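Take it one section at a time.

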Amino acid sequence: MGKLQNIINLDETQKELILSNLDDNGRLSCLKAFKVARLIGVKPIEMSDACKSINVKITNCELGVFGKIKFQDAESAIYSKIKQNFTQDSDISCKTLWYIAQESSLRRVGNTVKNSDVEVTNCQLGCFRERKGHREIKS
């Protein structure tokens with residue numbers, strides 16, 4: 001498990017709220033992590049450290065950076081919209097991608113990210129800052 005960035009001291013109620021939302025493999029999904037952050041009163045960016053503090057991993061990134069979600073093919077219209085927001089090379093923040101998803105769906109954006117050269121940066125849950133070594137666009 002990665003190194004803690006910040007020490008998050010959770011009380012027993014907060015720990016139980018995290019633990020009661022785990023999947024069958026004992027991990028917290030990306031989507032549930034946002035929900036749990038609200039429930040336990042921490043900022044989403046603190047969720048990675050909160051989970052690490054009790055040895056829980058966050059899984060199934062909705063944008064395909066990590067986890068085992070099955071994704072479909074990329075969509076050229078969504079890729080074009082994403083490309084307009086690149087910061088450098090093919091980098092784009094998680095937050096910007098979630099914003100773009102409001103116009104279609106998070107799954108459609110995830111499909112496009114997973115199957116393209118898009119490099120997601122700055123996870124809103126604090127799981128990563130940069131992602132390197134992504135593959136070329138799949139046609």
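## About the model

This is a predicted model, in which local features need pLDDT of at least 70 and side-chain atom pairs count only at pLDDT 80 or more, while totals for chains, interfaces and linings use all residues. Residues are numbered from 1 along each chain as its sequence is written, and side-chain values use heavy atoms, with hydrogens and water left out.

## The overall picture

The protein has six helices and four strands, and their order from the N terminus is α-β-α-α-β-α-β-α-α-β. Helices (H or I, at least four residues) and strands (E, at least two) are DSSP runs, numbered from the N terminus.

Of the 139 residues, 45% are buried; buried means under 20% relative accessible area, exposed over 50%, and partly exposed in between (1.4 Å probe, protein chains only). The accessible surface is about 8,300 Å², with 45% of it belonging to carbon and sulfur atoms. Accessible areas come from the Shrake-Rupley method with a 1.4 Å probe, and for residues only the protein chains shown count as cover.

## Q14 in helix 1

Let's look at Q14, which sits in helix 1 (residues 12–19). Q14 counts as buried because its relative accessibility is 14%. Its side chain reaches the backbone oxygen of I40 at 2.8 Å.

Leaving out residues up to four places away in sequence, Q14 touches N9, I40 and V42. Contact here means heavy atoms within 4.5 Å.

Most residues other than glycine have a negative phi. N55, however, has a positive phi near 60°, and N60 has a positive one of about 55°.

Where do you find N55? N55 is in the loop between helix 3 (47–52) and strand 2 (58–59), and with a relative accessible area of 62% N55 is exposed. N60 belongs to the loop between strand 2 and helix 4 (76–83).

## How helices 5 and 6 pack

Helix 5 (residues 94–101) and helix 6 (residues 106–114) pack at an angle of about 130°, their axes 8 Å apart. Helix 5 contributes L97, W98, I100 and A101 to the contact, and helix 6 contributes L106, V109 and V113. Axes are lines fitted to C-alpha atoms, for helices over the stretch in contact, and angles run from 0 to 180 degrees between N-to-C directions.

The two helices, helix 5 and helix 6, are therefore oblique to each other. Angles under 35 degrees count as roughly parallel, over 145 as roughly antiparallel, 65 to 115 as roughly perpendicular, and the rest as oblique.

How values were computed: Polar contact = N/O pair within 3.5 Å; in protein donor to acceptor, adjacent residues only side chain to side chain.
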